[in-house]
Amino acid sequence: QVLVVESGGGLVQPGGSLRLSCAASGRVFSVYAVGWYRQAPGKQRELVARISSGGDTNYPDSVKGRFTISRDNVKNTVYLQMNSLKPEDTAVYYCNRPAAFVPWGQGTQVTVSS
């Protein structure tokens with residue numbers, strides 16, 4: 001069954017912006033914290049943003065000040081606004097629940113290149 005669907009990726013120049021969306025089936029995200037992850041070729045998947053059920057957010061230093069995670073609990077959707085993108089942000093981006101993973105979606109490719 002498809003539980004999460006990521007979208008919004010694409011090709012953008014360095015310094016550009018993208019907004020990713022993660023739509024969840026039913027109440028998959030309801031009371032859970034949700035995270036955005038990314039995986040670049042040859043690297044492990046890493047958590048780049050997390051939002052609690054109450055809206056508290058956390059970011060690693062690599063994206064702090066550039067990425068913003070938000071959630072719409074009515075729409076069961078989580079967003080990732082990415083600004084000032086760098087080539088090293090190139091990766092496939094996924095969303096999931098850090099405390100209780102559901103099957104991974106297909107992800108959305110983000111490519112930052114001139």
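At 18% relative accessibility, N76 counts as buried, a word used here for residues under 20% relative accessible area, with exposed meaning over 50% and partly exposed in between, all with a 1.4 Å probe and protein chains only. N76 lies in the loop between β7 (67-72) and β8 (77-82), where strands (E, at least two residues) and helices (H or I, at least four) are DSSP runs numbered from the N terminus. Although N76 is not a glycine, its phi is positive, at about 55°. Most residues other than glycine have a negative phi.

S84 is placed in the loop between β8 and β9, and its relative accessible area of 41% makes it partly exposed.

## How the model is to be read

This is a predicted model, in which local features need pLDDT of at least 70 and side-chain atom pairs count only at pLDDT 80 or more, while totals for chains, interfaces and linings use all residues. Residues are numbered from 1 along each chain as its sequence is written, and side-chain values use heavy atoms, with hydrogens and water left out.

## The chain as a whole

The secondary structure of the protein chain consists of 10 strands and 0 helices, so that, under the DSSP definition of these elements, the order from the N terminus reads β-β-β-β-β-β-β-β-β-β. The radius of gyration, taken over C-alpha atoms, is 13 Å for the protein chain, close to the 13 Å that the globule rule gives for 114 residues, and the chain is therefore as compact as a globular protein of that length. The globule rule itself is 2.2 Å times the number of residues to the power 0.38. Taken along the principal axes, the box filled by the C-alpha atoms of the protein chain is roughly 40 × 30 × 25 Å.

Of the 114 residues in the protein chain, 44% are buried. Among contacts, meaning heavy atoms within 4.5 Å, those with a separation of 6 or more include 53% between residues 24 or more positions apart. The accessible surface of the protein chain comes to about 5,900 Å², and 49% of this surface belongs to carbon and sulfur atoms; the areas come from the Shrake-Rupley method with a 1.4 Å probe, and for residues only the protein chains shown count as cover. The protein chain carries 12 positive and 7 negative charges, whose mean positions are 4 Å apart. Lys and Arg count as positive and Asp and Glu as negative, without His and the chain ends, and each charge is placed at NZ of Lys, CZ of Arg, CG of Asp or CD of Glu.

## The disulfide

A disulfide is a covalent bond between the sulfur atoms of two cysteines. When it is defined as a pair of cysteine sulfur atoms within 2.5 Å, the count comes to 1 disulfide. C22 and C95 form this disulfide, with their sulfur atoms 1.7 Å apart. The pair links distant parts of the chain, since C22 lies in strand β3 (residues 18-24) and C95 in strand β9 (residues 91-96), 73 residues apart.

The torsion about the S-S bond of C22 and C95 is about 55°, and the disulfide is therefore right-handed. C22 is buried, with a relative accessible area of 0%, and C95 is likewise buried, at a relative accessible area of 0%.

## Residues around strand β10

G107 is found in the loop between β9 and β10, where a relative accessible area of 11% makes it buried. Leaving aside residues up to four places away in sequence, G107 touches E6, V92, Y93 and Y94. G107 and L3 are 104 residues apart along the chain, and their C-alpha atoms are separated by 12 Å.

Q109 belongs to strand β10 (residues 108-112) and, at 40% relative accessibility, counts as partly exposed. With residues up to four places away in sequence not counted, Q109 touches G9, G10, T90, A91 and V92. The C-alpha atoms of Q109 and S25, 84 residues apart along the chain, are separated by 21 Å.

## A proline between β2 and β3

P14 is placed in the loop between β2 (10-12) and β3, and counts as partly exposed at 41% relative accessibility. P14 touches L85, P87, V112, S113 and S114, again not counting residues up to four places away in sequence. Along the chain P14 and V110 are 96 residues apart, and 12 Å separates their C-alpha atoms.
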